[in-house]
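Please open the structure in your viewer and keep the selection tool at hand.

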Amino acid sequence: MKWNIQAMMDAQSECEVIPRDFLCCKLCEEEYKTPKYLVCFHSFCQTCLQGYLNEHGNGDSFWCPICGTETNIEELRVKNLPDNILAQRLGSPSMNSQEKDKICTFCKNGGNFLDAKSHCINCEDFLCRECTDIHMTQADTTEHHLETMEEYSMRLEYEESAKSGHVVPRCCSNYDPLDISALFCVDCDIAVCGDCHLGYHEDHRCAEMVAVAANFQTKIKQPLDELQNDATQLQEAMIELQKAEMKTVEQQKDLHKKVKTRSKYLYDFISQYESVLLEEIDRRHTQNLDDIHERRKELQMHLAAIDGISDFTEKLMTYGSCEEKVLMRKKVGKRVRELCEEPLLTDSMNPPSLNLTEPNVAIQAVCNMFGELKDPDQQVHVVTDQVNVDSGHENSDTESSRNLENNYLQRTNTVESDISDVLGSTQESDAKMLTLSNNSDNLRNVTFNDEVEETAYEAQNVFNLENPIREIILPQTIQKECIKGVGINKYGDIIVGAAASSYQMVYLLEKRGIIRGQIPVQTGWNIHTVASDGKVALIVARGDNRYKVKVMKNDGSGKFLCSMQIENLGINFVTADNLGNLIVASNRYPHTTTSGKMTSKAGGNVSIYDQQGLLKRRITNEDYQVLGMYVFEKPHCIAVDKVGNFYIADPGNHNVTGFDNTGELLFEYGNSDHEDEIYDGPDLVCTDGKGHVIVADKRMGKIDILTTKGELRKTLVTEDIIKYIAVSTDKQLMYATADGSIKFHEYLNL
């Protein structure tokens, strides 16, 4: 039997490493189990597709979950869809028990382990170079067929592929895909052996399978390039849409600011008028009160005079002698006559009363104060026959809005007269005015009550990070290595952990990106994580979920903050606080069953170890079952502030959580069942020492600034691919990008 080895090698040389997402179902995100493809060539597991079809199927068709292409299903049976044989084969590599160790068979039996250089097809033995020469010179093996090890590997792979199932129809059971006479009939679309080719397909267009495949590959290239051009145009359109979205958000934010500014101006004006009215009320009523107080004083004095003469006369009549009575008779009589002749001032006082008229403010007047929401390209129609407007005002709402400040400055001295300009409108006319002056259906349904309820307004503080304050590029020495993390210490040094094939190194960069120091990592230890504050965690796995862990200080000295051995079911992220307590995030944790047996339980958790490696506390979702909270799924990144509080970004549960230094929950912020999606991640978290928690979502390209109570202050968006974040000593937000640059932005005073 002859083999078309060169054709097989040419085909194999074009193969590349298969991306994992090509072998994973987009519904369950796991490797395919019986992959089926739709008319759009998107593939899914048969069971996943059946579940999706049961939920979203419409009669005898449904739409692709990814691109929305309609697929017809006969009697809604997924198993009738074609199998994705390519994904099935690539997901099951041909390396099996038939592939030997590739050690020379004869030398191995003699105790020597030499690599084989050839393989005998007849006796199935592997041969080194010396044994190959002997094998070809012996009389009984001279006629054996030998192949190189590369040829053997290619043949083995093709044999395994043939055994996995027929990809294309075959003429008969004698067809052997490895026979040089085996061909493919293009006219009949079938693979044919040499006999069938001569007997039935001699006049047809037949060629080797490899040649047909190569012809297909050549011809399909041009339409694929055209599709790629279409994809490029679509991507450009997506970018334009993103720009339009950002422009819309900016316009929304700008209009919010304008409305709030205008509201503040109107509020200030109303406050000024309120002060004018209150001062006038006080002035007028103070005068009335002064008159009343004066009248009261006069009456009190008259009463006191009457009481004085009456008391004296009574005592004189009772206790006085005749001579005393005769002596005082004229004086007493004169005083009594004076008091009797003095007016009593008993007439009633009616001070002038003041009334504040009840305003019935027309809705158009309120709308004119704020202005309209109009499309600049929209034709403005001014209706004058349905609205009674005072002749002193313009009919155009735009003109009224433009002259708003001037009108109000002129009204300052004549407030009461201006109030009368907007009185007398009924609710029916108000509704008409509102309809004419605004196009929004929501505004048309507004009802004005006697008491205006104040509504809270939450501004959407979204800012674009476009022009960095400064930007540095990591040295080529570091970019060539695998970067494990980037942080900034309290001295402003940028700390980078990197790993090469033969060594691992911690670099210290000054603010301009120049390497000012490097700390080699001891052989056998691996850089696991670099926290945002520059602490580098080193790990050695000891087996049985045991790890040796060291956390390097971030001062550039190379000394360790803590060193211990712990038992933990996996490690996602590890760092330490300033006291040397270790904080570890993982996806599993030990669990004791009701029978007392220790098992492993799936679920995100955070463990806190003291400096001796003893477990102080493990925080799991079980701690918050009573509150109905699900805190962890896959905790990924940890940031510790200067007081020992720590904050965790969990892309599995799409939230960020904060804990105090004892492990008590401070807040939880992120996605929920009742609100819009906030995060696809988040992936990164850091603190700035000013009471802020900075959270980054790589996929969404945004950075949220939260308080230590979990309250959102502002959101920063960027088109860069964020890899790591930190805050510099001069309070600038730093993030490292995928292209090796590090950018610094102002974020507090935006």
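Helices (H or I, at least four residues) and strands (E, at least two) are DSSP runs, numbered from the N terminus. Two strands pair if DSSP finds at least two bridges between them. The model is predicted, so local features need pLDDT of at least 70 and side-chain atom pairs count only at pLDDT 80 or more, while totals for chains, interfaces and linings use all residues. Residues are numbered from 1 along each chain as its sequence is written, and side-chain values use heavy atoms, with hydrogens and water left out.

**First selection: residues 582-592 and 598-609.** These are strands S22 and S23, which run antiparallel and are joined by 10 bridges. Within this pairing, histidine 591 stands opposite threonine 599 of S23. The hairpin of S22 and S23 has 5 residues between the strands, and there glycine 596 takes a positive phi near 90 degrees.

Phenylalanine 573 has alanine 585 in S22 as its bridge partner. S21 and S22 also form a hairpin, with 5 residues between them, and glycine 580 in the turn has a positive phi of about 95 degrees.

**Next, select residues 209-319 and 322-341.** Helix H8 and helix H9 pack here at an angle of about 160 degrees, with their axes 11 Å apart; axes are lines fitted to C-alpha atoms, for helices over the stretch in contact, and angles run from 0 to 180 degrees between N-to-C directions. H8 is therefore roughly antiparallel to H9 (under 35 degrees counts as roughly parallel, over 145 as roughly antiparallel, 65 to 115 as roughly perpendicular and the rest as oblique). To view the contact, meaning heavy atoms within 4.5 Å, display residues including Ile306, Ile309 and Phe312 in H8, and Met328, Val332 and Leu339 in H9.

How many aromatic pairs does a search of the whole structure find? The search finds 6; rings of Phe, Tyr and Trp (its six-membered ring) pair if their centres lie within 6.5 Å, and planes under 30 degrees apart count as stacked, over 60 as edge-to-face and the rest as tilted. The rings of phenylalanine 646 and phenylalanine 659 are stacked, because their centres are 5.5 Å apart and their planes are at 20 degrees. Phenylalanine 646 is in strand S26 and phenylalanine 659 in strand S27, 13 residues apart.

**Finally, select proline 682.** The peptide bond from glycine 681 to proline 682 is cis, with omega near -5 degrees. Proline 682 is found in the loop between strands S28 (665-670) and S29 (684-687).
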